[in-house]
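Hi,

Here is the structure we talked about handing over. Please open it first; my notes follow below.

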Amino acid sequence: MAVETLGDAWRAGWTVSAHCKGRNAKTKNGTKPCSQKVDLDMSSLLWTRGADFPVAMLSDRLMCPSCRSRHVFLIFDIPGNGSRAMVS
Ligand SMILES: [Zn+2]
């Protein structure tokens, strides 16, 4: 089954975590990388984004609350099939 939307991912039992690459990962100046990590709640994502929201667009919508970086990547944990990173 191809997983393209949050609804697909939820039905397939995926879980997702967000990882911050730090606010200066692109400019390479200033503070050190933040490397915050948080497990995201799939139910909350479904309720806020909707079941038809594409998982490929999710990382573009995220911002790290600690350093306000938008350079966030996601790791989807897929039951019985390892995990898959999705980089912003
Ligand atoms: Zn951060």
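**Helix α2 and the zinc site**

On the face of α2 turned away from its buried side sit two exposed residues, Trp47 and Thr48. Keep in mind that this is a predicted model.

The other face comes next. Helix α2 spans residues 42–49, and Met42, Leu45 and Leu46 are buried in it. These residues lie on the same side of α2, because they cover an arc of only 100° around the axis. In general, an α-helix has 3.6 residues a turn, so residues three or four places apart point the same way. After α2 comes glycine 50, with a positive phi near 95°.

Now the metal. Which protein atoms are the donors of the zinc ion? They are the SG atoms of Cys20, Cys34, Cys64 and Cys67, at 2.2 to 2.4 Å from the zinc ion. The site is tetrahedral, with angles of 103 to 115° among the 4 donor atoms. Along the chain, the donors are spaced as C-x13-C-x29-C-x2-C.

Cysteine 20 has 7% relative accessibility, so it counts as buried, the cut-off being under 20%. Cysteine 64 has a relative accessible area of 3% and is buried. Cysteine 67 is buried too.

Best wishes

How values were computed:
Residues are numbered from 1 along each chain as its sequence is written. This is a predicted model: local features need pLDDT of at least 70, side-chain atom pairs count only at pLDDT 80 or more; totals for chains, interfaces and linings use all residues. Side-chain values use heavy atoms; hydrogens and water are left out. Donors are N, O and S atoms within 2.8 Å of the metal (3.2 Å for Na, K and Ca); water is not among the atoms, so sites may look incomplete. Four donors count as tetrahedral if all angles lie between 85 and 135 degrees; four count as square planar and six as octahedral if opposite donors are over 155 degrees apart and all others between 65 and 115; anything else is irregular. Buried means under 20% relative accessible area, exposed over 50%, partly exposed in between (1.4 Å probe, protein chains only). Helices (H or I, at least four residues) and strands (E, at least two) are DSSP runs, numbered from the N terminus. The arc is that of the directions from the helix axis to the C-beta atoms.
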